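Visitor: I would like to learn how to read a helix and a pocket in a model such as this one. Could we go through them in turn?

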Amino acid sequence: MALSTGAACLALAAALAGCSRPAPVEEPIRAVKVQAVAASGIETAPEFSAEVRARVESQLGFRVAGKILRRQAELGQHVRAGEVLAQLDPQDLRLAADAARAQQAAALTNRDLAAADLQRYRELRARNFISGAELERRESTWKAAQAQFDQTRAQSSSQANQAAYTTLTADAAGIVTAVDAQPGQVVAAGTPVVRIAQDGVRDVVFAVPEDRAMLMRPGSPVTVRGWAGGGEIEGRVREVAGSADPVTRTYTVKVAIDAANSPPLGATVYARPRALSRTDTPVLKLPTSALRQEGGGSAVWVLDRPTMTVRSQPVQVATADGNQAVIASGLNAGELVVVAGVHVLSPGQKVSIYQDRLTAGAAGAAASTTPASASASAVPPAPAASR
């Protein structure tokens with residue numbers, strides 16, 4: 001009986017041991033790279049993507065409606081002042097001009113007839129054959145005929161001009177930057193057909209946000225460099241938009257540059273305003289790899305050297321300087337911040353400072369080159385044997 005009771009106790013102990021919770025596995029100590037926070041200078045010289053444009057760029061169109069018969073201008077073509085760009089079908093306008101000239105001839109005939117009648121009635125009045133009222137009626141008839149002739153003459157001149165407007169010519173020398181209509185197309189009066197960038201001075205045009213537009217002043221220097229390389233060109237701000245763009249909410253800035261050294265029309269360049277440059281401003285900078293998202297902001301891991309544990313520290317990022325982030329607040333100079341392996345850490349986790357193989361190899365080589373005498377002196381002498 002005692003044997004069976006002992007066996008039952010052993011079985012119960014074994015069952016209880018199998019149901020107990022296993023001991024938690026200790027989290028391994030991770031090696032991390034750290035960097036001491038220190039203030040360093042920063043040179044802020046923002047560059048803006050810009051485009052080279054002509055000072056004057058005109059959209060040319062016909063002053064009358066009609067069907068485009070032919071278009072001589074091509075995209076990228078350099079045209080001279082007075083050169084024909086496109087032509088409309090002039091047939092209808094020629095007929096209207098002929099009709100206006102016919103009306104003018106009819107009005108001229110009526111005026112001459114009224115003038116002859118007036119002359120005869122004046123002679124009759126001088127002999128008292130007619131009354132003064134009759135002479136006044138003849139004078140009124142002549143004046144009306146004269147006014148009608150003047151009207152038809154003006155209409156004839158207007159129709160002649162309309163017929164001449166069927167030929168579109170360049171107002172000034174320049175480069176065709178856009179073609180908006182093709183032969184066979186029916187266009188209304190004023191519809192853009194060809195866009196011409198006039199020869200002469202060039203502008204570099206770019207957009208700046210509202211907080212920086214207030215710093216731009218006409219006449220302030222701007223350095224311009226080509227996107228594909230080349231030397232720098234010095235220019236000056238010519239115009240700052242008085243209101244923001246309704247879509248982008250940015251302000252357009254135009255910089256005047258020398259046309260002789262200007263990049264090609266429409267080229268992409270970089271503009272660096274001197275008014276926005278700042279140098280030697282002490283700031284705290286960290287690699288972007290040290291940042292992580294925490295909640296709605298950014299945070300870094302700060303190493304507590306005595307306990308070799310990490311804690312989360314929220315920071316505010318002001319801007320970026322290349323591959324480094326400029327910290328506005330949240331850190332103090334001298335603190336150690338984890339810059340690699342930030343996404344595998346947890347608050348209060350123990351860590352060790354990572355040393356790459358080159359550093360460890362250098363330390364090992366230094367230890368191996370220690371003189372033998374120094375190694376021997378480091379070992380304490382054995383005690384003398386007692387007699």
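This is a predicted model: local features need pLDDT of at least 70, side-chain atom pairs count only at pLDDT 80 or more; totals for chains, interfaces and linings use all residues.

Visitor: How many helices and strands does the chain have, and what share of its residues is buried?

Guide: The chain has 6 helices and 23 strands, and buried residues make up 27% of its 387 residues. Of the contacts between residues at least 6 apart in sequence, 73% join residues at least 24 apart.

Visitor: Which residues of α2 are buried, and against what do they pack?

Guide: An α-helix has 3.6 residues a turn, so residues three or four places apart point the same way. In α2 the buried residues are Leu93, Ala97, Ala100, Gln104, Ala107, Ala114, Asp117, Leu118 and Tyr121, and they pack against α3, which covers residues 132-164. Helix α2 itself, residues 91-126, reaches 53 Å from its first C-alpha to its last, close to the 52 Å expected at 1.5 Å a residue. Just after α2, asparagine 128 takes a positive phi of about 65°.

Visitor: What lines the second largest pocket, and which strand supplies the largest share of that lining?

Guide: The second largest pocket holds about 170 Å³ of space, and its lining includes Leu60, Phe62, Arg63, Tyr165 and Asp171. Strands β4 (57-61) and β8 (167-169) each supply at least two lining residues, with the largest share, 3 residues, coming from β8. By class, the lining has 4 nonpolar, 3 polar and 2 charged residues.

Notes:
Residues are numbered from 1 along each chain as its sequence is written. Side-chain values use heavy atoms; hydrogens and water are left out. Helices (H or I, at least four residues) and strands (E, at least two) are DSSP runs, numbered from the N terminus. Buried means under 20% relative accessible area, exposed over 50%, partly exposed in between (1.4 Å probe, protein chains only). Contact means heavy atoms within 4.5 Å. On a 1 Å grid over the protein atoms alone, a cavity is a set of points where a 1.4 Å probe fits but cannot get out, and a pocket is an open set with protein on both sides within 12 Å along at least five of seven lines; lining residues have an atom within 4 Å of a point. Grid points are joined across faces, edges and corners, and a volume is the space filled by probe spheres set on the points. Ala, Val, Leu, Ile, Met, Phe, Trp, Tyr, Cys and Pro count as nonpolar, Asp, Glu, Lys and Arg as charged, and the others, Gly among them, as polar. The expected span of a helix is 1.5 Å times one less than its number of residues.
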